[in-house]
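The sequence and the structure are shown first.

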Amino acid sequence: MWRFHNPVDVQFGPGCLETLPERLNGRRYALVTYNEPFFTELTETITTLAGAPQVVINNVEPNPDIANLEPLCQQLCSSGQPEVIVALGGGSVMDTAKFLSAAGSDFEQTKSYLTEGGPQRAAVVYTNHRDSHYRRNRQ
């Protein structure tokens, strides 16, 4: 069975960063972004507005593959699981944040599903405007 439901609230433009503290509502968060001066400045702005993230993952590569994602997953897990992952950037950053959310602390299972497929393992991710939840189903 295949089902895709995507109620992700993507915000951009003037004033969107200022809404982040209210949206985070004091929850621990990870910030996933690019290692570029423009995004470094935005990271500093977010930290000023919303407090320091639990971890900053700023070494996202364009079109990341499994080899790129494994160390990022380890970096996220070594800091403890955040309650929220904030993606600051374009498509590669958003894809990386989604992968990290789905993998949680189990990179190998998510890697196995992506590289080997099969109905024996499925990753189900749903996101609403306030939170992301991950759950694994084994058949």
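Rings of Phe, Tyr and Trp (its six-membered ring) are taken as a pair if their centres lie within 6.5 Å; planes under 30 degrees apart count as stacked, over 60 as edge-to-face and the rest as tilted. The model is predicted: local features need pLDDT of at least 70, side-chain atom pairs count only at pLDDT 80 or more, and totals for chains, interfaces and linings use all residues. Residues are numbered from 1 along each chain as its sequence is written, and side-chain values use heavy atoms, with hydrogens and water left out.

**Aromatic pairs**

Three aromatic pairs are found in a search of the whole structure. One of them joins Phe38 and Phe39 edge-to-face, at 5.1 Å centre to centre and 85° between the planes. Tyr34, Phe38 and Phe39 are linked into a cluster by ring pairs.

Exposure is stated as relative accessible area (buried under 20%, exposed over 50%, partly exposed in between; 1.4 Å probe, protein chains only). Phe38 is exposed at 53%, whereas Phe39 is buried at 13%. The rings of Phe99 and Phe107 have centres 5.9 Å apart and planes at 70°, so this pair is also edge-to-face. Both Phe99 and Phe107 are buried.

**Salt bridges**

A salt bridge is a side-chain nitrogen of Lys or Arg within 4 Å of a carboxyl oxygen of Asp or Glu. The whole structure holds two salt bridges. In one, Arg28 meets Glu83 at 3.5 Å, N to O. Arg28 lies in the loop between α1 and β1 (29-33) and Glu83 in the loop between α3 (66-78) and β3 (84-88), so the pair ties together parts that are 55 residues apart in sequence. Helices (H or I, at least four residues) and strands (E, at least two) are DSSP runs, numbered from the N terminus.

Asp95 forms a salt bridge with Lys98, with the closest N and O atoms 3.2 Å apart. These two residues are three apart in helix α4 (residues 91-103), a separation of about one helical turn.

| Residue | Relative accessible area | Class |
|---|---|---|
| Arg28 | 45% | partly exposed |
| Glu83 | 34% | partly exposed |
| Asp95 | 42% | partly exposed |
| Lys98 | 53% | exposed |

**Position of Val10**

Val10 is located in the segment before α1 (20-24). With a relative accessible area of 51%, Val10 is exposed.
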